[in-house]
Amino acid sequence: MDEVIQVTQWLSSITPRKKAKLFFFTTHADAPSPMVGSNDVDTHEETQLPLATTVALHNFKNIDEFLKKKVNTFSCYHVIENEITKTDYEYLRFYSACKYLDVVPPFLDLEKISAIQNKFEMTDEERDYRLLLDSADLVLEKVCDSMKPAGVSQMRTALRKDRNLIRGVKTIDIIGFFVDPNPTGIKECLFFFIVRFLQKADKINRVNTNRLERLIAQCDESSSCEEGKTIDFIIDSLRFYPTELYPFGFCLIMCVIEGRDGAMQEIEKTMEISRHLGMITHTEKNPTKETIELVKKELMKPKYQFYSSFPCWFMSHGDSNSMVLADGETIEREWFLTSFPDISTFQLKPKVFFMVSCRGANKFSLKGDEFEGQSATCDYYDIGSALIRNRMLDITDSVRDISYVQPMMDTLVAYSTILDHLSGRANTHGSIYVGRACVLMSENISRGRSLTEILEHLSQDLHEILQETMDEDRIVYKQACHYDSFFRKTLKLPYTRHPKEDVHSAPQ
């Protein structure tokens with residue numbers, strides 16, 4: 001069959017609502033640029049003009065033409081070995097969006113997709129199409145689905161009131177003053193236009209969504225929200241780090257085994273909870289400084305930009321300032337913590353560091369006959385089972401900036417003990433902190449709890465446990481854990497584990 005006929009038939013089989021979403025996902029705002037194959041031209045018209053004309057004319061002709069052009073580009077594209085191009089990213093984004101929306105063109109060349117994934121050095125686990133979807137876009141899709149056409153229209157009205165923001169923007173004028181968002185797919189096009197406009201104007205990104213929240217907050221709740229939704233509910237959904245679908249993140253586990261009883265148990269527990277949460281995991285046993293440098297270099301590869309979060313466990317001996325590596329050398333804890341958050345592939349994404357080591361020799365000792373023989377060191381505690389922000393409105397956009405971000409932002413560091421104190425271990429099961437952390441994360445996975453809520457519960461739980469030193473003094477003591485947070489949003493654990501699809505070298 002002629003390819004033109006195939007493309008026409010494919011487009012005619014897609015509903016207007018899905019066409020709007022496919023266009024939105026395909027024109028991902030944070031796609032890397034400039035790159036090989038990129039001409040550095042502003043993509044304002046390419047990403048916003050088709051949406052604006054569709055809203056104004058109630059006609060999907062321009063979006064159809066955009067999708068046809070994409071399909072034709074991919075059809076003629078020859079995969080260049082070794083060199084990752086802008087088209088490679090676009091091809092993967094397009095495929096994953098089609099797969100997510102269940103509109104994969106029957107004529108799409110899946111062998112090219114496999115060849116592109118080879119260039120990204122993707123493992124079998126990483127060839128799951130859900131990894132390629134942008135979690136922030138999925139959150140925005142849900143926000144759109146929660147709003148009625150009238151609500152999106154009210155957002156547009158509120159946007160037009162900001163004269164400084166829209167001055168000279170032709171696509172705003174194309175849409176005009178009066179919009180009927182009720183025809184199928186028009187609401188989606190208008191909402192996605194507003195989102196992409198704010199992103200291109202550098203007013204929102206995957207973390208900074210205040211400007212969008214303020215538009216939603218100005219809507220009339222009775223006419224704006226779909227049944228069962230509220231303005232507060234919709235706004236709250238934007239205040240969490242976007243970690244939709246599988247995988248939840250890329251988890252790095254580093255564990256010094258030499259001279260640490262129970263270290264293998266620590267690895268098993270952290271790997272188990274990582275899989276339970278739907279993460280792709282990499283383990284480094286007995287890391288050295290060279291190992292850490294190699295891992296940092298690895299994480300700079302382009303494929304890691306597809307991940308939504310970066311949890312890291314580091315388990316070793318240590319003191320107040322440093323951690324002991326497998327070869328006996330030490331590294332400064334501060335050096336470790338500041339070197340990883342600066343990796344560009346995880347910028348604007350939550351990074352969580354579980355630092356499991358002693359930070360000194362002090363103990364919060366408990367004295368008295370009633371404490372003798374009472375401790376968790378002997379493995380008694382093994383793993384078991386509507387207007388908002390009004391006060392901000394007088395802080396004008398002219399004194400706000402979301403472009404430059406301190407490297408430590410969006411990072412959380414969880415310590416197994418406080419400064420200058422011991423971090424307790426069980427005889428055979430390793431760190432008690434690791435064991436209890438894994439238990440609590442596993443127990444809370446189906447309750448929609450945030451990570452910080454679980455860490456606070458962990459602090460209470462761990463401080464109730466009596467531990468005992470392993471030296472001849474057999475001192476009974478308590479351990480206190482804590483965390484330092486530079487988060488700008490809340491990080492929720494998944495409600496349920498997202499199972500890994502059976503995806504092999506060639507996409508299905």
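Okay, so helices here are DSSP runs of H or I with at least four residues, strands are runs of E with at least two, and both are numbered from the N terminus. Keep that in mind for the stretch 410-443, where the chain is 35% helix and 26% strand, with its end C-alpha atoms 25 Å apart. The UniProt annotation for those residues, from an unreviewed entry, reads "domain: Caspase family p10". UniProt positions are given in the numbering used here, feature names are shortened, and annotations like this may be inferred rather than shown by experiment.

Quick housekeeping. This is a predicted model, so to speak: local features need pLDDT of at least 70, side-chain atom pairs count only at pLDDT 80 or more, and totals for chains, interfaces and linings use all residues. Residues are numbered from 1 along each chain as its sequence is written, and side-chain values use heavy atoms, with hydrogens and water left out.

Let's start with the core. The largest nonpolar core has 101 residues. By nonpolar core I mean a set of buried Ala, Val, Leu, Ile, Met, Phe, Trp, Tyr and Cys residues joined through side-chain atoms within 4.5 Å. Buried is under 20% relative accessible area, exposed is over 50%, and partly exposed is in between, using a 1.4 Å probe and protein chains only. Trp10, Leu22, Ile216, Phe336 and Phe340 have the most contacts inside this core. Helix H12, residues 186-200, gives the largest share, 10 residues. And where does this core lie relative to domain 1 and domain 2? Between them, because domain 1 (3-28 + 44-239) and domain 2 (249-364 + 407-486) both give residues to it. Those bounds come from an automatic or database domain assignment. Apart from that core lies another one, of 37 residues, including Cys255, Ile267, Phe354 and Ala426. As a general point, nonpolar side chains in soluble globular proteins tend to be buried together.

Zooming in on phenylalanine 340: its contacts, meaning heavy atoms within 4.5 Å, include Leu252, Ile292, Val295 and Phe353, leaving aside residues up to four places away in sequence.

Now the charges. How many salt bridges does a search of the whole structure find? The count is 23, where a salt bridge is a side-chain nitrogen of Lys or Arg within 4 Å of a carboxyl oxygen of Asp or Glu. Take lysine 301 and glutamate 121, whose side chains meet at 2.8 Å, N to O. That pair links distant parts of the chain, 180 residues apart: lysine 301 sits in the loop between H17 and S3, and glutamate 121 in the loop between H6 and H7. Lysine 301 is partly exposed at 26%, and glutamate 121 is partly exposed at 46%.

Then there's arginine 436 with aspartate 461, also a salt bridge, at 2.8 Å. Arginine 436 is in helix H19 and aspartate 461 in helix H20, so the pair ties together parts 25 residues apart in sequence. Both of these residues are buried. There's a network too, linking Arg17, Lys187 and Glu188 by salt bridges.

Next, two polar spots. Arginine 425 lies in strand S9 and counts as buried, because its relative accessibility is 16%. Its side chain makes a polar contact of 2.7 Å with the side chain of glutamate 266, and it reaches the backbone oxygen of aspartate 261 at 2.2 Å. A polar contact is a pair of N or O atoms within 3.5 Å; within protein, one must be able to donate a hydrogen and the other to accept it, and residues adjacent in sequence count only if both atoms are side-chain atoms.

Glutamine 479 is in the loop between S12 and S13. Is glutamine 479 buried or exposed? Buried, at 1% relative accessibility. Its side chain reaches the backbone nitrogen of glycine 424 at 2.8 Å, and the residues that glutamine 479 touches include Ser416, Tyr433 and His463.

Most residues other than glycine have a negative phi, and most peptide bonds are trans. Here, though, the bond from tyrosine 246 to proline 247 is cis, with omega near -5 degrees. Histidine 58, in the loop between H3 and H4, has a positive phi of about 55 degrees. Aspartate 420, in the loop between S8 and S9, has phi near 75 degrees, and it is partly exposed at 34%.
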